[in-house]
Amino acid sequence: MISPRRILFSLLPLPLLAALLTGCGSSGGDAIRIGEFASLTGSEASFGRSSHNGTVLAFEELNAGGGVLGKKLQLISEDNQSKQGESTTVVKKLIARDKVVAILGEVASGRSLEAAEICQQFKVPQVSPSSTNPKVTQKGDYIFRVCWEDKFQGGQVLAKFALDSLKAKRVAVLTDVGAPYSVGLANFFREGFLAGGGQIVAEQKFTKDDKDFKAQLTAAKSTGLDAIFVPAYYGQVTLIALQARELGITVPIFGGDGWEAPELIQGPGAAQALEGCFFSTHFSPDQEMPKAKEFVAKYEKRFGAKPDAMGALGYDSALVLVDAIKRAGSTEGAKIRDALAATKDFDGSTGRITIDAERNARKPAVIIQIKGGQFVYKETVNP
Ligand code: PHE
């Protein structure tokens, strides 16, 4: 009897068979292949495009400097269309078909969680640039991020900001119950805000495809609130703000990094509805940090626009990963993983990156205010 494995091998062209048997197939011939999955189209396309641009810039620089381990780097990008389930498909493809040595992505926590399941199973290191839900890196020892988590963003930065800067005691929370990011951030905020003496006067829910938030907003309005917290992605935030103002709700609305996209304040009435409102994020092009300034200049020259947090984190994620490959001296998954885990004081565009025992990074957050149709840097909050 011929085993299925023998049949497979006898059908393979010789060079490929040789590569499989010697175990060097994963380096992909001449270039070291790195996979990226991103929301390049669909509801959060702004996230994917920015992050992708930052990553592309990093690869161009790295290759101009000779690549790594004597080889050029090849970035293989896949679009998950901002759709649930697609990240699983494209990441499997990157690993099985393209034989990438590591994976970069995603911005949205829900999609990073999907990929992490696969990357951990196949022992392919994954570096998320900007997913902040704690569960992402808890998926296993091959999963890393180069940003802080929502425990910091919600429980410390935003809870403190609401109490001290907004002077809000009574806050309503509107959560997207289908998004791990939204649910996690709402929970951490509640914890920190209550501990600081605040009161949650309404907890309202919605899901990704909802377009009408009037019932939730009307319920919130009747409570005599000081502010509304919306831990959601930009598309939903704009609709919520417009409908809140239509209902005569004038209190400030605030949120987290999911707000950050030019689209947030585009479209009729959006900028006015959100005038004076705030959100927290990872980076501002107006921060006074030498590394950030340097990155902003390079990004502007390459793409003709200023980078946002996702651009900066997309850039840093690629640099941190390639730095680890260099220190590992190898493209073997386990060795890259160990080198990533040992990352210390990497000088990134978003600050110094040290990977802790839980495979997360600790860095400052920034608060941005929406003013006259612009995102204006207000302050930096240290961990
Ligand atoms: N932190 C968000 C999430 O985990 C994604 C995000 C990061 C959005 C940075 C904007 C900027 O889903």
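**Ligand contacts and the domain interface**

In this predicted model, a polar side-chain atom of Ser109 lies 2.5 Å from an oxygen atom of the ligand.

Trainee: Which residues come nearest to the ligand?

Mentor: Ser109, Ser130, Thr132, Tyr233 and Asp257, out of 13 residues around the ligand.

Trainee: How is the chain divided into domains?

Mentor: Domain 1 covers 4-148 + 289-363, and domain 2 covers 151-281. Their centres, taken over C-alpha atoms, are 31 Å apart.

Trainee: How do you know that domain 1 and domain 2 touch?

Mentor: Contact requires heavy atoms within 4.5 Å. By that rule 21 residues of domain 1 are in contact with 16 residues of domain 2, so the domains touch.

Trainee: What is the area buried between domain 1 and domain 2?

Mentor: About 1,400 Å², with 57% of it from carbon and sulfur atoms. On the domain 1 side, Ser46, Phe47 and Trp148 supply 36% of the area buried against domain 2, more than any other three residues.

Trainee: Why is Arg49 with Glu263 called a salt bridge?

Mentor: The closest N and O atoms of Arg49 and Glu263 are 3.7 Å apart. The cut-off is 4 Å between a side-chain nitrogen of Lys or Arg and a carboxyl oxygen of Asp or Glu, so the pair passes. Two salt bridges are counted between domain 1 and domain 2. Nine residue pairs are in polar contact across that interface. The elements giving two or more residues to the domain 1 side are α3 (45-64), α5 (109-122) and α13 (309-328). That side divides into eight nonpolar, eight polar and five charged residues.

Trainee: What makes Arg111 and Glu44 a salt bridge?

Mentor: The N to O distance of Arg111 and Glu44 is 3.2 Å. That is within 4 Å, so the pair counts as a salt bridge. Arg111 is in helix α5 and Glu44 in the loop between β1 (32-38) and α3, so this pair, 67 residues apart, links distant parts of the chain. The whole structure has 23 salt bridges.

Methods: Residues are numbered from 1 along each chain as its sequence is written. This is a predicted model: local features need pLDDT of at least 70, side-chain atom pairs count only at pLDDT 80 or more; totals for chains, interfaces and linings use all residues. Side-chain values use heavy atoms; hydrogens and water are left out. Domain bounds come from an automatic or database domain assignment. Buried area is the accessible area (1.4 Å probe) that two parts lose on being put together, summed over both. A polar contact is a pair of N or O atoms within 3.5 Å; within protein, one must be able to donate a hydrogen and the other to accept it, and residues adjacent in sequence count only if both atoms are side-chain atoms. Helices (H or I, at least four residues) and strands (E, at least two) are DSSP runs, numbered from the N terminus. Ala, Val, Leu, Ile, Met, Phe, Trp, Tyr, Cys and Pro count as nonpolar, Asp, Glu, Lys and Arg as charged, and the others, Gly among them, as polar. A residue is near a molecule or strand if one of its heavy atoms lies within 4 Å of it.
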